[in-house]
Amino acid sequence: MERFVRLYPDSASALTAGDIAALVPSGAPDDRPFLLVNMIATADGRATIAGRAGPIANRADYELFHALRGRVDAVLVGAETVRVESYGPMEPAAVLVTRSVDVAPDVGLLRAPGNRVIVLTPSPDRELPPTAARVEYLRDDLAAGVRRLRTELGLRSVLCEGGPDPLTILSGALLDPPADLRLLTVHESGGYLFLRYGA
């Protein structure tokens with residue numbers, strides 16, 4: 001089991017991935033789920049190497065990845081990430097965000113019969129081919145759909161996972177106004193930094 005050393009705000013003895021995941025609040029607003037983001041990046045801002053996120057990760061990242069999944073009701077992931085990373089059996093529900101609803105039924109996420117997959121899409125009628133996973137549809141834009149995850153489906157916490165972006169971890173229009181986040185904790189393990197921000 002990998003150990004994390006908290007560097008900020010105060011140094012502390014070694015912690016486990018479970019200790020860090022336990023910092024995730026258990027409460028949620030009435031109108032939306034509590035959202036958290038778990039991503040990994042290289043020092044130059046890349047989210048993948050050769051199209052996959054796996055080569056960037058170390059053992060500590062792997063342990064934190066699974067510990068965080070154990071604390072949430074659902075994992076939100078984009079269709080391209082699922083196409084590339086495939087995924088597999090998941091204990092929390094999976095929220096698959098896609099405009100085209102064009103994901104092959106043989107990816108691991110859809111092949112696992114125990115998986116609950118909520119397809120969040122603005123498409124009024126597109127559907128996946130038949131899959132082993134239990135699939136349901138939430139037809140709305142992203143912002144409204146995320147709110148409905150809480151108000152209609154009762155999901156209190158959603159973990160957003162990053163995916164295979166070949167350029168950097170941020171693209172598209174600039175955030176306006178910029179997000180006002182503050183650094184809450186910094187942990188280090190094996191030369192990797194794990195940063196936690198909050199509003």
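## Two loop residues

Val 101 lies in the loop that runs between S4 and H4, where helices (H or I, at least four residues) and strands (E, at least two) are DSSP runs numbered from the N terminus. The model is a predicted one, in which local features need pLDDT of at least 70 and side-chain atom pairs count only at pLDDT 80 or more, while totals for chains, interfaces and linings use all residues. Residues are numbered from 1 along each chain as its sequence is written, and side-chain values use heavy atoms, with hydrogens and water left out.

Most residues other than glycine have a negative phi. Val 101, however, has a phi near 55 degrees, a positive value in a residue other than glycine, and with 6% relative accessibility it counts as buried (buried means under 20% relative accessible area, exposed over 50%, and partly exposed in between, with a 1.4 Å probe and protein chains only). Tyr 87, in the loop between H3 and S4, also has a positive phi, near 65 degrees, and it counts as buried at 18% relative accessibility.

## Overall make-up

The protein has 5 helices and 9 strands, and from the N terminus on its elements follow the order β-α-β-α-β-α-β-α-β-β-α-β-β-β. Of its 199 residues, 41% are buried. Among contacts (heavy atoms within 4.5 Å) with a separation of 6 or more, 51% come from residues 24 or more positions apart. The protein exposes about 11000 Å², of which carbon and sulfur atoms supply 54%; the areas come from the Shrake-Rupley method with a 1.4 Å probe.

## The nonpolar cores

A nonpolar core is a set of buried Ala, Val, Leu, Ile, Met, Phe, Trp, Tyr and Cys residues joined through side-chain atoms within 4.5 Å. The largest one here has 30 residues, and Val 103 and Val 117 are those with the most contacts inside it. At least two residues of this core come from each of helix H1 (17–21), helix H2 (59–69), strand S3 (74–78), helix H3 (79–85), strand S4 (93–97), helix H4 (108–111) and strand S5 (116–121), and H2 gives the most, with 4 residues.

Not counting residues up to four places away in sequence, Val 103 touches Ala 79, Val 82, Arg 83, Leu 96, Leu 110, Leu 128 and Pro 129. A second core, separate and made of 12 residues, includes Leu 76, Leu 138, Leu 155 and Cys 160.

## Helix H5

Helix H5 covers residues 142–151, and its buried residues are Ala 144, Gly 145, Val 146, Leu 149 and Arg 150. Their cover includes strand S2 (34–38), S3, S4, S5, strand S6 (134–139) and strand S7 (157–161). At the start of H5, the backbone nitrogen of Ala 143 has a side-chain oxygen of Asp 141 within 3.2 Å.

Val 5, Leu 7, Tyr 8, Leu 181, Leu 193, Leu 195 and Tyr 197 make a nonpolar surface patch of about 670 Å², and strand S1 (5–8) and strand S9 (192–198) are the elements that give two or more residues to the patch. Patch residues have over 30% relative accessible area and no salt bridge, with nonpolar side chains joined within 5 Å and like charges within 9 Å; a salt bridge is a side-chain nitrogen of Lys or Arg within 4 Å of a carboxyl oxygen of Asp or Glu. Val 5, in strand S1, is partly exposed, with a relative accessible area of 32%.

His 187, in strand S8 (residues 182–189), is buried, with a relative accessible area of 2%. Leaving aside its neighbours within four places in sequence, His 187 is in contact with Phe 4, Val 5, Arg 6, Leu 7, Leu 15, Ile 20, Tyr 192, Leu 193 and Phe 194.

Definitions and conventions: Polar contact = N/O pair within 3.5 Å; in protein donor to acceptor, adjacent residues only side chain to side chain.
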